[in-house]
Structure formats: structure tokens, C-alpha cells
Amino acid sequence: MPDEMWSEKYRPVHLYQIIGNEKAKLTFITWLKHWKPGSKSVLLYGPPGTGKTTLVQVVSNEFGYKLIEMNASDVRTKTAIMSTAGPIARESSLYVTLYNGAGSILFLDEVDGIFGREDRGGIGGLLKIIDETNVPIILAANDPWNPKLRLLRRSCEMIRFYYVRPPKIIALLKRICQEEGVEAEAKAFAFLAEKSGGDVRSAINDLQSVIGERKVLKVQDVKRLGMRDRKIDVQEALTGIFFAKNVKEAIQSFNNSKIDYEMMLHTIHDNLPLQYSDPIVLASAYNAISRADIFFGRIARTQNWSLLKYAIEQMTAGISTIKKEKTSPVHYRFPPSKIMMLGRTKSERNLRRGICERVGVKCHVSRKAANTDFLPFLKVIFNNDTDLASEISSWLTLDNEMIGYLEEIGRNN
Amino acid sequence: MKVITTEGFKLPYLGKERYIELLRIGVRYEKKTRTFFIQDISNVDQIKKVLSEILKDDIAFAQKCIICKSRFVCEECEFTDYCETKNIPMLCICRACYSKTDFAEEYFASLKNQINNHVVS
Ligand SMILES: Nc1ncnc2c1ncn2[C@@H]1O[C@H](COP(=O)(O)OP(=O)(O)O)[C@@H](O)[C@H]1O
Ligand SMILES: [Mg+2]
Ligand SMILES: [Zn+2]
């Protein structure tokens with residue numbers, strides 16, 4: 001087991017070490033410099049692994065702010081948020097002068113995750129705090145377009161983060177290799193940048209897992225990670241599916257692609273809201289997707305592969321033939337941002353939980369952190385480095401089922 | 001093909017409707033210099049569509065190299081196949097700068113400069 005995750009080891013400590021999104025960085029700094037009571041709060045949004053959380057931490061550190069991060073339980077209800085954030089938001093400038101700093105900043109990360117599903121008064125509380133605060137408030141989210149977040153969006157300056165461009169990711173990977181004393185072929189970096197899809201954190205994680213104990217990194221080592229040249233294919237396939245004129249055409253578009261149906265299901269699921277805006281159309285599309293998922297689940301349990309054609313029909317034609325609104329192809333998102341937590345079989349969920357618990361105990365992290373920060377990493381290792389995998393298995397005391405699960409989910413995405 | 005830079009471009013006379021449409025999707029007009037600017041790139045696809053209708057030509061947005069400050073279009077880049085932000089006007093690294101062996105150092109030096117200038121100003 002590596003001593004330390006490189007994504008932590010190389011987490012930027014200075015502003016210039018944050019790559020990409022140069023405009024967003026400067027806009028954010030400007031906002032903070034000019035912030036005064038009555039100004040809008042800020043909402044940093046965009047895909048994961050692009051440096052939103054890091055930027056907040058680095059800026060407050062470099063400018064001498066005291067960063068106060070609130071977590072989900074601090075803000076669930078109005079009472080909770082009033083008692084945790086209230087006193088800080090009322091912090092007076094006298095305090096700031098006395099303590100000789102720039103003052104406090106309140107930071108609530110991943111608001112979409114916290115409020116996206118249910119709101120027990122937390123949003124109302126937060127809005128009140130935002131309205132009355134004496135200190136800057138920063139929010140961050142991957143997807144800020146949930147209707148529940150509408151009022152929050154209105155009270156914030158929205159700063160968008162984009163996926164980071166390949167040459168910049170390559171520059172960072174190169175720098176890390178220099179630090180680690182690893183010689184790497186230029187092509188190897190390009191492959192890693194491509195595979196990351198612009199997610200800096202996953203590029204660093206992949207780099208660490210392919211390097212392992214190596215001192216020289218060749219293209220072949222990286223290629224074993226499994227390339228995602230499927231990305232170009234996806235654009236074509238999804239356009240074909242969404243704009244098919246009939247059932248046959250929709251199925252054909254899927255069959256012509258090189259993407260397996262599991263991945264396609266996740267991909268379509270993720271892209272539906274980009275393609276459709278009418279809630280009724282969207283709802284029936286999601287219905288078709290879940291019907292497809294039920295078929296896949298039945299196939300997995302019964303091995304009755306004759307059901308496959310129904311599943312595929314639902315997932316392709318089922319989402320395109322309902323189309324009522326006029327739309328045109330968009331830039332589709334791929335790979336899917338998260339593996340949907342289908343929980344198809346209970347045991348799968350239990351396996352994941354068991355693994356995360358063991359990681360948590362050994363690495364002193366929460367089960368949630370184990371899930372987001374360690375599991376992706378384990379998947380890659382378990383598919384590429386059998387020696388390291390068996391070492392980790394015995395260290396974490398994983399059982400055979402858990403090992404099988406890690407190998408399998410790694411293969412499927 | 002016409003290349004549009006974020007730092008200002010001219011347009012032929014527009015009707016009022018077109019003008020308002022442009023403002024709505026994130027284009028700003030400076031009366032004094034009669035120049036248009038792209039203020040907000042979140043609607044870049046729409047801006048592209050409207051501008052190419054106005055100019056009756058395909059358009060591309062210029063990318064700007066953060067290292068040498070030159071301008072270029074995405075078609076020239078070797079990463080277009082899988083770049084997630086293709087054709088969105090942004091700071092990037094041009095082909096010539098990328099081909100130098102020390103481009104990584106250069107990139108971080110440029111970032112450092114950019115931050116220093118901004119924080120001072
Ligand atoms: N723009 C970036 N520049 C340098 N490293 C980055 C960047 N974005 C992400 N990382 C790496 O990924 C890790 C996670 O980034 P994080 O700030 O949590 O992303 P986000 O909040 O956007 O999901 C960081 O510790 C860092 O190692
Ligand atoms: Mg984050
Ligand atoms: Zn250049």
C-alpha cells in the first residue's frame with residue numbers, strides 16, 4: 001500500500017500550483033478581495049477533481065483567512081445551521097482587528113449533495129445567514145442546477161469550473177514525475193491525460209497506480225489501464241440514440257458503438273438532463289432507463305440472456321421515441337460521473353461497505369472518504385497489479401468476495 | 001472561417017433584436033470603441049451559433065497561449081480528439097510552446113506571473 005496518495009501529497013499549497021480554470025481563479029480572488037457585508041456569496045461549480053475545494057483552501061491560507069468548513073450535519077436543519085454558522089457570520093470587524101488576520105470564511109462544500117435530495121430547512125437557514133453575514137461565504141457544487149438550489153444560486157455569484165485541458169494536466173504529471181524521480185515517455189502522459197477526461201485528481205491517481213515502484217514509465221504500462229478512446233464513439237452513439245427516428249435506428253446506434261451496455265446505461269442516465277429539459281419528457285426517459293435496469297438485474301440473477309433485447313430496447317428506443325421537444329445534439333458527458341449506486345443485489349452494496357470499512361480502519365478515514373478517494377484507486381490496482389493487490393488484500397483482510405468485487409468493478413469501467 | 005477573440009471584435013450593423021439577443025447570451029458591447037466582447041463563456045455554443053448567422057460564415061473562437069500570449073484555434077491542437085473544452089475560448093498552451101522540453105516549468109512560471117500581477121493590481 002502506498003504511504004500516501006499523491007493527490008494529497010501534491011495538493012497545491014500555492015495559487016500558481018492550481019492548474020487550469022485560470023479565469024475562474026482570478027474571478028474568485030477578485031470576489032474575495034472586494035467582498036463586504038451585503039455582497040453576494042460565491043458558488044464555485046463544475047466537475048469533480050478540478051480544484052474547487054483546493055482553491056478555497058489555498059486562497060484562505062495564502063490571504064490569511066481562517067477557513068471554517070461546515071459539514072452536512074452542521075447545515076441539515078435551520079436550527080443546526082443557525083447555531084453553527086450564526087456566531088461566525090456575526091463575527092465583527094473588531095474581532096478581526098484584534099486577532100490580526102483577514103477574518104473568517106465560511107465554506108460549505110458539495111451543497112448539491114447535501115441539499116439535492118431533501119431539504120429540512122437547511123437552505124432557508126443558509127439563505128438567512130448569507131443575507132446577514134459579516135464574513136464571506138463560499139459554496140461549492142458539482143451540479144448546481146438542481147431546482148432545489150435555485151434560491152441559493154440567486155444569492156451567489158456563480159463561478160464555473162471546467163474540465164482541465166490535456167497539456168496542463170500533462171505539465172502537472174510531468175512535474176510530479178520529476179519530484180518522484182521517475183522518467184516517463186511523453187506519450188504515457190498524453191494517455192493519462194486522455195483517460196482522465198480533464199479530472200485532475202483521477203489523472204494523479206492513475207499516474208500513481210501505473211508507476212507503483214517503477215522508476216521508468218513507458219506507454220505500454222499506461223495502456224494497460226484500459227484506454228477510453230471510446231469517448232469519441234460515445235458522442236456519435238448518443239447522438240444516434242437520442243435522434244433515432246425509430247426503434248430499429250436507436251438499437252442500431254447502440255450496437256454500432258464499442259460501449260458495453262452497463263456503461264451505456266450509466267452514460268445515458270447521466271446525459272438525459274443535458275439533452276432534455278421538459279420535466280415530463282425527462283421523467284419518462286428516466287422511467288425507461290429504470291425499466292432497462294430492472295431487466296439487466298433480472299438477467300444478472302437468472303442468466304436469462306433472452307431478456308437482453310428488451311433491456312437494450314428500453315435504454316435506447318425507450319428514451320428517444322418519447323421525445324416531444326425540439327432539441328439538438330449537445331456535447332455529451334463521458335465517462336459517467338459516478339457509477340450509479342444501483343444496489344441491484346444487496347450483497348454488492350454490502351461488499352462495498354465492507355471494503356470501505358476496512359479501508360477506513362486501516363487508513364483512518366471515514367467510510368465516505370474511503371468510498372470516494374480510495375475505492376477508485378483500489379479498482380485500478382486490482383486490475384493491473386496482482387502482486388500489489390494481494391499485498392493490499394491481506395493487509396486489509398479482504399475476503400475473496402471483496403477481492404472479486406474490486407476486480408469486477410475495475411473491469412467494467 | 002472567421003476567428004473571434006474574446007478581447008473584442010467588430011460586427012456589421014445589427015437589428016435591435018439581434019443586439020438584445022447577443023447581450024442576453026453573454027456578449028457585451030462597448031459603445032466608445034464600437035467593439036463587442038465575450039463576457040460570459042457559459043453560453044458559448046449559442047454565441048457561436050448567433051455570430052455565425054450574423055457573419056454568414058463558420059466561426060471559431062481564438063485560444064490564447066498563457067505562455068507566449070499568441071492566439072490560435074483548436075483545429076491546430078493535437079489534443080482536440082479528447083479535449084473536454086474544445087472551441088471554448090480559454091487560456092491554453094500553444095503547439096509551439098508545448099513542444100519545448102521545459103513547457104511544464106514555463107506553464108507554472110506563467111501561472112505564477114498571472115497570479116502575481118492579479119494580486120498586486
Ligand atoms: N486544478 C488543479 N490543480 C492541481 N491539482 C488539482 C487540481 N484539481 C484537482 N487537483 C488534485 O486533485 C485533488 C482533489 O481536488 P479537489 O480540489 O478536491 O477537486 P474538486 O473540489 O473540484 O472536486 C487535489 O488534492 C489535487 O491533488
Ligand atoms: Mg471538492
Ligand atoms: Zn505559446
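The model is predicted. In it, 30 residues of chain B contact 34 residues of chain A, and the area buried between the two chains is about 3,100 Å². Within chain A, A:Ser320 is a buried residue of helix α19.

**Extent of the interface**
- Carbon and sulfur atoms give 65% of the area buried between chain B and chain A.
- On the chain B side, the residues that lose the most area to chain A are B:Tyr82, B:Glu84 and B:Phe108, which together make up 26% of what that side buries.

**Polar and charged pairs across the interface**
- Between chain B and chain A, 11 residue pairs are in polar contact, with both residues at pLDDT 80 or more.
- Zero salt bridges are found by the rule across this interface.

**Make-up of the chain B side**
- Strand β7 (91-92) and helix α4 (103-120) of chain B each supply at least two residues of the side that touches chain A.
- The most is given by α4(B), with 11 residues.
- By class, this side of chain B has 18 nonpolar, eight polar and four charged residues.

**Surroundings of A:Ser320**
- Helix α19 of chain A, which holds A:Ser320, spans residues 308-320.
- A:Ser320 has a relative accessible area of 3% and is therefore buried, the cut-off being under 20%.
- Not counting residues up to four places away in sequence, A:Ser320 touches A:Ile241, A:Phe242, A:Ala244, A:Ala250 and A:Tyr276.
- A polar atom of the A:Ser320 side chain lies 3.3 Å from the backbone oxygen of A:Ile241.

Definitions and conventions. Residues are numbered from 1 along each chain as its sequence is written. Chains are lettered from A and ligands numbered from 1 in the order in which they are written. This is a predicted model: local features need pLDDT of at least 70, side-chain atom pairs count only at pLDDT 80 or more; totals for chains, interfaces and linings use all residues. Side-chain values use heavy atoms; hydrogens and water are left out. Contact means heavy atoms within 4.5 Å. Buried area is the accessible area (1.4 Å probe) that two parts lose on being put together, summed over both. A salt bridge is a side-chain nitrogen of Lys or Arg within 4 Å of a carboxyl oxygen of Asp or Glu. A polar contact is a pair of N or O atoms within 3.5 Å; within protein, one must be able to donate a hydrogen and the other to accept it, and residues adjacent in sequence count only if both atoms are side-chain atoms. Helices (H or I, at least four residues) and strands (E, at least two) are DSSP runs, numbered from the N terminus. Ala, Val, Leu, Ile, Met, Phe, Trp, Tyr, Cys and Pro count as nonpolar, Asp, Glu, Lys and Arg as charged, and the others, Gly among them, as polar. Buried means under 20% relative accessible area, exposed over 50%, partly exposed in between (1.4 Å probe, protein chains only).
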